[in-house]
Number of protein chains: 2
Amino acid sequence: MKKITLKKTYRYSRQRERLLAILRSTENHPTAIWLYDWMKPEFPSLSLGTVYRNLAILIEQGVVRKIDAGSTFDRFEAKTSPHYHLICRKCGTITDFEKRFFPEIDDEIRRSTDFTIEGHRIDFFGTCADCRGKS
Amino acid sequence: MKKITLKKTYRYSRQRERLLAILRSTENHPTAIWLYDWMKPEFPSLSLGTVYRNLAILIEQGVVRKIDAGSTFDRFEAKTSPHYHLICRKCGTITDFEKRFFPEIDDEIRRSTDFTIEGHRIDFFGTCADCRGKS
DNA sequence: CTACTTGCAAACTATTTGCGTTACG
DNA sequence: CGTAACGCAAATAGTTTGCAAGTAG
């Protein structure tokens, strides 16, 4: 009696296509407004609501991920390979760290808890090279 | 020419003392309102602003930590030993996972980046035992 | 005494939503 | 054509803040 995950279909939208393209082409981990400002010249009548609605859809599709970095606002990234984040406490910059040292970590936890683990996140907090110099 | 970390002193407050005591005595990872509701009987004129202000102070003192669990609201915990979180995607419950499998992880990253690492967090996402049964 | 903390209420801000219009399929 | 997606603006919701009054040191 297992429930089949229903595969919702979404209609094509130029705005959403562009949104994903931008997310995929940037090294940043943009906020909603950053994305909005970036798209605005191309879509003069774009609204923030549309950005948020499409981000939600892309997240549901599993191609975009929301990041909680302790800020008051959300950041987003196009989901690619698993990676970790280096979050600077001074300037808030998030840098990806591609190499995976601990691919076996999920299994390790699975063995010792009664929790169905789908994935994990590892974030490192500290000071980035740029900020270290500053007083 | 290194800047000395200034040690700000805080005046005693019954509300703050109680707040910390509650945070330390609970297994939950409470929200601000949960704490507010819990304290209200003892401090009938308590305001939410006071809860938030004191949480900020306790965080600055390093005895309380804010948790980003993907919700729209913040959760808090009294900082004790380092541990990981199991976050249930269905009910939002956060369970502590005390055992540390990877104490050496910070050093491992330090060796390969130009980032001053102060600490890290590891959160696991999935479904808790209670929610697994539900359709 | 004096200045940190509180309670109250108003302000803020990021995000969400209702509604009439546009446009994909 | 039917209905998902849009733009717009108003609504939410969690958190922060200004100010007058209370209180620790």
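Author: Between chain B and chain A, about 3,300 Å² of area is buried, and carbon and sulfur atoms give 60% of it. Buried area here is the accessible area (1.4 Å probe) that two parts lose on being put together, summed over both. Three residues, B:Phe115, B:Arg121 and B:Phe124, supply 21% of the area that chain B buries against chain A, more than any other three residues. Please keep in mind that this is a predicted model, where local features need pLDDT of at least 70 and side-chain atom pairs count only at pLDDT 80 or more, while totals for chains, interfaces and linings use all residues. Residues are numbered from 1 along each chain as its sequence is written, chains are lettered from A and ligands numbered from 1 in the order in which they are written, and side-chain values use heavy atoms, with hydrogens and water left out.

Next, who takes part? Chain B brings 36 residues to the contact and chain A brings 36 residues, where contact means heavy atoms within 4.5 Å. The rule finds six salt bridges across this interface; a salt bridge is a side-chain nitrogen of Lys or Arg within 4 Å of a carboxyl oxygen of Asp or Glu. You can look for one between the side chains of B:Arg121 and A:Asp123, at 2.6 Å from N to O.

On the side of chain B that touches chain A, the elements giving two or more residues are strand E3 (84–88), helix H4 (105–110), strand E5 (116–127) and helix H5 (129–133). Helices (H or I, at least four residues) and strands (E, at least two) are DSSP runs, numbered from the N terminus. E5(B) gives the most, with twelve residues.

That strand also links the chains in another way. E5(B) pairs with strand E5 (residues 116–127) of chain A in the antiparallel sense over eleven bridges; two strands pair if DSSP finds at least two bridges between them. Along this pairing, B:Gly119 in E5(B) stands opposite A:Phe125.

Now step back to the whole sheet. Six strands form an open sheet with mixed pairing, in the order E4(A)-E3(A)-E5(A)-E5(B)-E3(B)-E4(B). Strand E4 (94–97) of chain A and strand E4 (94–97) of chain B stand at the edges with a single partner strand each, so one side of each has no neighbour in the sheet. Within chain A, strand E3 (residues 84–88) pairs with E5(A) in the parallel sense over four bridges, and A:Leu86 stands opposite A:Phe124 in E5(A).
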